[in-house]
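Here's a quick tour to read alongside the model. Keep the viewer open and follow along.

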Amino acid sequence: MTNAHKKLFIKTWGCQMNVYDSNRMSDILSALGYKTVDAPEGADMMILNTCHIREKATDKVFSELGRLRVHKEEKEAAGGKMIIAVAGCVAQAEGDFILERAPYVSMVFGPQTYHELPEMVIKAGGGERVINTEFPSVSKFDHLPDQHTIEGSAAYLSIQEGCDKFCTFCVVPYTRGGEYSRSAQEIMDEAHRLVDQGALEIMLLGQNVNAFHGAGKNGRAVGLAELIRNISEIKGLERVRYSTSHPRDMDDDLIRVHGEVQKLMPFLHLPVQSGSNKILEAMNRKHKTDIYLDVIAKLRKARPDIAFSSDYIIGFPGETDQDFEDSLELARTVGYASCYSFKYSARPGTPAANLQAALVPEHIASERLKRFQALINEQQAAFNKSCEGKVLPILFDRKGRKQGQLSGRSPYSQSVYVNGNERLIGNIVDVKITEAFDNSLTGDIVMADDVA
Ligand code: 5AD
Ligand code: SF4
């Protein structure tokens, strides 16, 4: 390639799948001579990798585009060129609208098309405006390069994409398409490469990751449980996680793996969305609270130290005071280590967006959200507090904000800060937790002598 050292700036919104996708885009474009940089100034190409799940997602994209446009104009005034691209779920959902409203955007492409990036970039470089929001019949995974960008020692590995569940509030089945699982061999190869590059932890990703059913040898389907068993045997890999799961797909074999595989971290994000069976039904969640509690109980039996996080939607259309109380009650029953809660807001094109008449008034929804978050903050603080005095293995992956400080993750995904030598970055080290805060822990590194 003659166009070496072009600068690529990617801004990523949203979930870990998007972070993974951004890394892969940067891998693909490095073959075209693009080097990924941390700031938009002077970039030759900017990609906004967008997320459609949050409220006003499209507005946020347009205001960011407004800022980037200034950089493009400056560069062009100086005789340079810049490609502005919008990727991800907003691009998928609003592609035509973006091209129409933002004439300075050259490329709009959805999450299933990243393998076609080189072709799109060449077209855009030639002055063409490119829109690509197909769900192609070949998987993008079959065409991504082997090369990998990993940051720190914890890597993401996307194993499954899309969702067939059609919860009535959710855009994912429309923006990411139907469920697709990669083949087990492909995933194993990628996991080996990540470990060779220094990954100590792999987080297996998918919108509905525990529905994973990749093709194995002789066409036999491999489930997530078997995949975790195989991945955990890779020498040098210390930690495995997976996210995000649906309660309906937590089968007994997967639950068993939590007891069997020590490398599988004792922390699971298992969204439930509501504690009211009536609301769960209206959400088309395909499970009731009893199934969820049953899964939690079985997991605790298999792995007594397991901790949970979840997602709750507050103020779904038709949610009464009692339904909301049921959500509080479910959260109290489970006792979370952390939990996300979101005020419901309609996403265009989803079935729940038609439930206008049953909308919960804004001030009531806000009040409920506040109460819910207060409960969760209490639970999180209590969970963090319960770690005081314990020795936990911490994977250090970066420097902390303060001089001489390191930042790492506990098995429960808590942020842990200690004073220590930078050489510990990229290692798992025992830390005695001395103090818990609402959102993090601090502690002291346990010297070999201390543990006798
Ligand atoms: N309104 C509020 N929250 C939503 N989520 C998804 N769609 C909506 C919506 N329309 C939340 C769900 C999901 C998380 C990623 O975002 O809780 O699990
Ligand atoms: Fe969306 Fe998750 Fe429901 Fe699928 S299971 S539709 S990704 S909330």
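What follows covers domains, a helix pair and some aromatic rings.

This is a predicted model, where local features need pLDDT of at least 70, side-chain atom pairs count only at pLDDT 80 or more, and totals for chains, interfaces and linings use all residues. Residues are numbered from 1 along each chain as its sequence is written, and side-chain values use heavy atoms, leaving out hydrogens and water.

**Domains**
- The chain splits into domain 1 (3-132) and domain 2 (391-450), with bounds from an automatic or database domain assignment.
- Taken over C-alpha atoms, the centres of domain 1 and domain 2 sit 36 Å apart.

**Helix pair**
- Helix H7 (residues 224-232) and helix H8 (residues 252-260) have axes that come within 8 Å and cross at roughly 25°.
- That makes H7 roughly parallel to H8 (angles under 35 degrees count as such).
- Leu224, Ala225, Ile228 and Arg229 of H7 meet Asp253, Leu254, Val257 and Glu260 of H8 (contact means heavy atoms within 4.5 Å).

**Aromatic rings**
- You'll find nine aromatic pairs in the structure (ring centres within 6.5 Å; planes over 60 degrees apart count as edge-to-face).
- Phe62 and Phe97 are an edge-to-face pair, 5.6 Å centre to centre with 80° between the planes.
- Phe62 lies in helix H2 (residues 57-77) and Phe97 in helix H3 (residues 88-101), 35 residues apart.
- Phe62 is buried at 9% relative accessible area, while Phe97 is partly exposed at 34% (buried means under 20%, exposed over 50%, partly exposed in between, with a 1.4 Å probe and protein chains only).
- Phe169, Phe316 and Tyr344 form one aromatic cluster.

Technical notes:
Chains lettered and ligands numbered in written order. Axes fitted to C-alpha atoms, helices over the stretch in contact; angles between N-to-C directions. Helix = DSSP H or I, 4+ residues; strand = E, 2+ residues; numbered from the N terminus. Parallel < 35°, antiparallel > 145°, perpendicular 65-115°, else oblique. Phe/Tyr/Trp six-rings, centres within 6.5 Å; stacked < 30°, edge-to-face > 60°.
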